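Morning, everyone. Have a look at the model while I talk.

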Amino acid sequence: MKRACALASLLLLSGCQRSQSTLYPKGPAADRIAHMSWLMLILFLAITAFMWILITWAISRRRGTLAEHEPVDVGGGQGWIAWGGLAFPLSVLCVLFILGLKLMASFPVHDSHHHDLHPTIAIIGRQWWWEVQYLGAPAQRFTTANEIHIPVGQPIDIELRSLDVIHSFWVPTLHGKVDLIPDHPNFIRIQADHEGVYTGTCAEYCGAQHAHMRLVVLAQQPADYDAWVQGQLQPGAEPATDAARRGEQIFMAGPCSMCHQVRGTLAGGRVAPDLTHIASRLNIAANSYPNNDAYLEAWITHAQSLKPEAAMPNLTQFNGQQLRDLVAYLRQLK
Ligand code: CUA
């Protein structure tokens, strides 16, 4: 039983690693980076094998004692050093350097070099979450957080900005890292070749909750994606139950609405994640915890335990009924 558990957890673990591994690319950019990594790995393995062959050869060919080979300044062997120690590694490293530069130059990161960039999404790094703005015609704009939906098989240009410190956007199965730098927009072009959920994380240390600054990319069939966009464009759902109606009142009258926005209501705070469709998202707290009743209650009352130093305070002023009503309201914001 113990062994079965260990095996299951190992499989689970390797499953997680796969979903966030550069070795399992799921888009063209990550594919090319993976090719480069494999080329380097194979090259270095070949060179290591060759070195061991040389060492074995030298050991097996050596005759007599070490003393007989003195003095060491008899010379010889400089050719090995010049060719094997200098010329060969230098040329290999030069080739890899040029290939690396070419690969990097082919990724559009600055709009001054790539005029074909047409960002349809802007991602703004915040301590410690991702604000996601869908751009486009004014009537087609909406804001969400920590979860990026894209249509499958299409290149999507994303503008990366930061409002506080330097963060780094990294979805390993789709692309390499690109930094989000204050006052200096960068760009990334991602494409997912298959439907799926691709997890990512902030890859630049940005403070206490850097490790809890995760993101999710959902690649959907174009029809599903369009349906999702239409849903996101809608204002927050009207509460249909008594509990949700009471929860909405608590949300609007209490501190929630000062920081969070629910479009179509009086809640217009812009400093914290937009909650208009919070119930449709997979996770909460920048993908640190699952989006369910229990974690929402825990997050409202004890955010500082779940994510110390995050901007979300511990809201302990609600009684049990008020807390459940509040969560009922949030859970129907689909
Ligand atoms: Cu944001 Cu690390």
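The lining of the largest cavity splits by class into three nonpolar, three polar and three charged residues. This is a predicted model, so keep that in mind. Which residues line that cavity? They are Trp129, Glu131, Thr143, Gln261, Gly269, Arg270, Ala272, Pro273 and Asp274. Its volume is about 40 Å³. The structure holds one cavity of 30 Å³ or more.

Now the largest pocket. Its volume is about 620 Å³. Two or more lining residues come from each of helix H6 (256–259), strand S11 (283–284), helix H7 (293–306) and helix H8 (320–331). H7 gives the largest share, three residues. In total, 34 residues line the pocket. Nearest its centre are His260, Ala272, Pro273, Trp299 and Met312. By class, the lining has 26 nonpolar, five polar and three charged residues.

On to the rings. How many aromatic pairs does a search of the whole structure find? Seven. Take Trp130 and Phe169: edge-to-face, 6.0 Å centre to centre, 90° between the planes. Trp130 is in strand S2 (residues 129–134) and Phe169 in strand S6 (residues 167–170), 39 residues apart. Trp130 counts as buried because its relative accessibility is 1%. Phe169 is buried too, with a relative accessible area of 1%.

Next, Tyr134 and Trp228. This pair is edge-to-face, at 5.3 Å centre to centre and 65° between the planes. Tyr134 lies in strand S2 and Trp228 in helix H4 (residues 222–233), so the pair ties together parts 94 residues apart in sequence. Both residues are buried. Tyr134, Phe142, Tyr225 and Trp228 form one aromatic cluster.

Last item: the charged end of Lys177 sits over the ring of Trp170, 4.5 Å from its centre.

Notes
Residues are numbered from 1 along each chain as its sequence is written. This is a predicted model: local features need pLDDT of at least 70, side-chain atom pairs count only at pLDDT 80 or more; totals for chains, interfaces and linings use all residues. Side-chain values use heavy atoms; hydrogens and water are left out. On a 1 Å grid over the protein atoms alone, a cavity is a set of points where a 1.4 Å probe fits but cannot get out, and a pocket is an open set with protein on both sides within 12 Å along at least five of seven lines; lining residues have an atom within 4 Å of a point. Grid points are joined across faces, edges and corners, and a volume is the space filled by probe spheres set on the points. Helices (H or I, at least four residues) and strands (E, at least two) are DSSP runs, numbered from the N terminus. Ala, Val, Leu, Ile, Met, Phe, Trp, Tyr, Cys and Pro count as nonpolar, Asp, Glu, Lys and Arg as charged, and the others, Gly among them, as polar. Rings of Phe, Tyr and Trp (its six-membered ring) pair if their centres lie within 6.5 Å; planes under 30 degrees apart count as stacked, over 60 as edge-to-face and the rest as tilted. Buried means under 20% relative accessible area, exposed over 50%, partly exposed in between (1.4 Å probe, protein chains only). A charge sits over a ring if NZ of Lys or CZ of Arg is within 6 Å of the ring centre and within 35 degrees of the ring normal.
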